[in-house]
Amino acid sequence: MKKYLFGSVLALAVLINFSACNKDDDDNNNNTSGKASVTMRLTDGPADYDAVYLDIQSVEVVMNGGGTTTLNPVRPGVYDILSFRNGLDTLLLRADIPAGTVSQIRLVLGNNNSVVVNGVSHELTTPSGQTSGIKLNLDENFVAGGAYVIWIDFDAAKSIHETGNGKYMLKPVIRAYSAETDGRIEGYVIPLAALTTVYAIKGTDTFAAIPDPVNAYFRFGGLPAGTYDVWFDAAALGYQDELIQNVQVSYGTETDLGTITITP
């Protein structure tokens, strides 16, 4: 009996050791595969439109020193980018790309781009978006075996321009940032009747947020680290603007301003 028991234990030990070796081999293969896992998410800054529809067909990742990888979104087609603001986003794609430094991301658009203004839909002309792609500089190093999340942030208010003949043109103002370069400010502003737009101002850079019309929540994401003045611009008559100065923003942390009350 002891002989059989010893043989079973020995066989089990060999099996465990073999499995561990295989796992080590798999881990080594994954780390030396020369690939990094990248997730891209789509988000947006506010704008005074009913909807902004962009027809995203593909994404090109350009590496330093040359080399371009073309990636397909999980759902190629039309996205209403105004649905993704105040911290909301949506998965655009997830893929493995060659390790190295990414110098640029290009969004290639289709032809079904439009903006809805006061219930009326207008075609958005995009002079170069369908061919060479909308370009975003990134300059981020991706290590083999690493996993990274990139947010693509449209500024809809600055990106859409009404031409003299009543048509609308898309001149994209877009930022790309990662978890390593994601400074955040959040809070609530009441009352909703004040119709407040919130601005985070750092030097010549200005970022905007419109509080949620239900719960009054606002959020800035992807802010460069530094010191900001946060201006609460009340559009409704009878309400006073508010200003909070010297708001410190650091990467990887949430700066919570609490609830700001706009006074009559």
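Student: How much space lies in the second largest pocket?

Tutor: Some background comes before the number. This is a predicted model, in which local features need pLDDT of at least 70 and side-chain atom pairs count only at pLDDT 80 or more, while totals for chains, interfaces and linings use all residues. Residues are numbered from 1 along each chain as its sequence is written, and side-chain values use heavy atoms, with hydrogens and water left out. As a general idea, rolling a probe the size of a water molecule over the atoms shows where empty space is left. On a 1 Å grid over the protein atoms alone, a pocket is an open set of points where a 1.4 Å probe fits, with protein on both sides within 12 Å along at least five of seven lines, and its lining residues have an atom within 4 Å of a point. Grid points are joined across faces, edges and corners, and the volume is the space filled by probe spheres set on the points. In this structure the second largest pocket holds about 280 Å³.

Student: Which residues lie nearest the centre of the second largest pocket, and how is its lining divided by class?

Tutor: Of its 15 lining residues, Leu195, Thr196, Ile210, Pro211 and Pro213 lie nearest the centre. Ala, Val, Leu, Ile, Met, Phe, Trp, Tyr, Cys and Pro count as nonpolar, Asp, Glu, Lys and Arg as charged, and the others, Gly among them, as polar. By that scheme the lining has 10 nonpolar, two polar and three charged residues.

Student: Is Thr196 buried or exposed?

Tutor: Buried means under 20% relative accessible area, exposed over 50%, and partly exposed in between, with a 1.4 Å probe and protein chains only. Thr196 counts as buried because its relative accessible area is 7%. Thr196 belongs to strand β15 (residues 196-202), where a strand is a DSSP run of E with at least two residues, a helix is a run of H or I with at least four, and both are numbered from the N terminus. Leaving aside neighbours within four places in sequence, Thr196 has contacts (heavy atoms within 4.5 Å) with Val189, Pro211, Phe232, Asp233, Ala234 and Ile262.

Student: What volume does the largest pocket have, and which strand gives the most to its lining?

Tutor: The largest pocket has a volume of about 480 Å³, and β16 gives the most to its lining, with five residues. The lining numbers 28 residues, of which Gly45, Asp153, Arg175, Phe207 and Gly221 lie nearest the centre, and by class it has 12 nonpolar, six polar and 10 charged residues. Gly45 is found in strand β1 and is buried, with a relative accessible area of 13%. Its C-alpha atom is separated by 8.3 Å from that of Ile210, a residue 165 places away along the chain.

Student: Where are the nonpolar cores of the chain?

Tutor: In soluble globular proteins, nonpolar side chains tend to be buried together. A nonpolar core here is a set of buried Ala, Val, Leu, Ile, Met, Phe, Trp, Tyr and Cys residues joined through side-chain atoms within 4.5 Å. The largest has 41 residues, and those with the most contacts inside it are Met40, Ile105, Leu107, Phe142 and Ile152. Strand β2 (residues 51-63) supplies the largest share of this core, six residues. Apart from it lies another core of 19 residues, among them Val189, Ala194, Phe218 and Ala234.
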